Amino acid sequence: MAFEITNEMLVGSLMPVIVYWVYGGLYTILGYTCNNYRLHPKEDEDEKNFASKKTVIKGVLGQQFRQFIATNLLYMITRGNGAEASSGQSTSFFVIARQFIVAMFVFDTYQYFLHRYLHQNKFLYKHLHSKHHRLVVSYPFGAIYSHPIEGLLFDIIGGTMAIYISGMSPLTSAFFSSFCNMKSVDDHCGLMLPWNPFHIFFTNNTAYHDLHHQLYGGKYNFSQPFFSIWDKILGTYMPYSLEKREEGGFKLRPLKEFKN
């Protein structure tokens, strides 16, 4: 049986990449003009992080190339098995909405337990996950900067699992993956903009994840990218408050009884 990469498959694998850089670029521009909504001063991105922006960009591009290959392999395999036989047919809004909800829950569940384990296992944290935490002060295009093996575990396997279990077509999965990328960029953008729809619909937002990137937050707020339910159920949720800084922007402050 011959396999071929169709236009639908190319859209499904390239759209999330384009969305990542366009959305990340938008937030990068806003970062220069919205100082009153920043969680950290702009200069902290260079002074407090342990990876240069050039290194981060190279790492992200490598991760996206691996995702491109994995996504198209998934499409070819599922087409070959007949799982995507209906990918060229129209799908109702309600079916797509159900697929999104299922995929979001699967992705969140998988990522919570894997993410928590990578923090609890000292060997895996040192050799894998610590690379992502070199960005103490996160910024938009560093959202998926990670060790290649971690990228495989988190995004490629986790995303593939969510797409496959939910039964998405390549085109629907393109929108879901793009949505995931937008949410991930948003979580790492370092801006608490008042009109941000992600902050309206999700309590797991920029501040929520930024707290996890701080030294005192490494044992809390593992949930990503959508909900905070697993943190709240399993006792790893750290509440916080936002205080205005005199020089502009916000200061993220964990509640005292949770800080230690």
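In this predicted model, the charged end of Lys53 is placed over the ring of Tyr139, at 5.2 Å from the ring centre. A second contact of this kind involves Lys244, whose charged end sits over the ring of Phe250, 4.5 Å from its centre.

**A pair within one helix**
- Tyr23 and Tyr27 form an edge-to-face pair, because their ring centres are 5.1 Å apart and their planes stand at 85 degrees, which lies over the 60 degrees required for that class.
- Both residues belong to helix α1 (residues 7–33), where a spacing of 4 residues means that Tyr23 and Tyr27 are separated by about one helical turn.
- Tyr23 is buried, as is Tyr27.

**A pair between distant parts of the chain**
- Phe100 and Phe176 also pair edge-to-face, with 5.4 Å from centre to centre and 90 degrees between the planes.
- This pair links distant parts of the chain, since Phe100 lies in helix α4 (residues 93–120) and Phe176 in helix α7 (residues 170–187), 76 residues apart.
- Phe100 and Phe176 are both buried.
- Phe100 and Phe176 belong to one aromatic cluster, whose other members are Phe107, Phe179, Phe198, Phe202, Phe226 and Phe227.

**The annotated region**
- An unreviewed UniProt entry places the feature "domain: Fatty acid hydroxylase" at residues 100–236.

Methods:
Residues are numbered from 1 along each chain as its sequence is written. This is a predicted model: local features need pLDDT of at least 70, side-chain atom pairs count only at pLDDT 80 or more; totals for chains, interfaces and linings use all residues. Side-chain values use heavy atoms; hydrogens and water are left out. UniProt positions are given in the numbering used here, feature names are shortened, and annotations may be inferred rather than shown by experiment. Rings of Phe, Tyr and Trp (its six-membered ring) pair if their centres lie within 6.5 Å; planes under 30 degrees apart count as stacked, over 60 as edge-to-face and the rest as tilted. Helices (H or I, at least four residues) and strands (E, at least two) are DSSP runs, numbered from the N terminus. Buried means under 20% relative accessible area, exposed over 50%, partly exposed in between (1.4 Å probe, protein chains only). A charge sits over a ring if NZ of Lys or CZ of Arg is within 6 Å of the ring centre and within 35 degrees of the ring normal.
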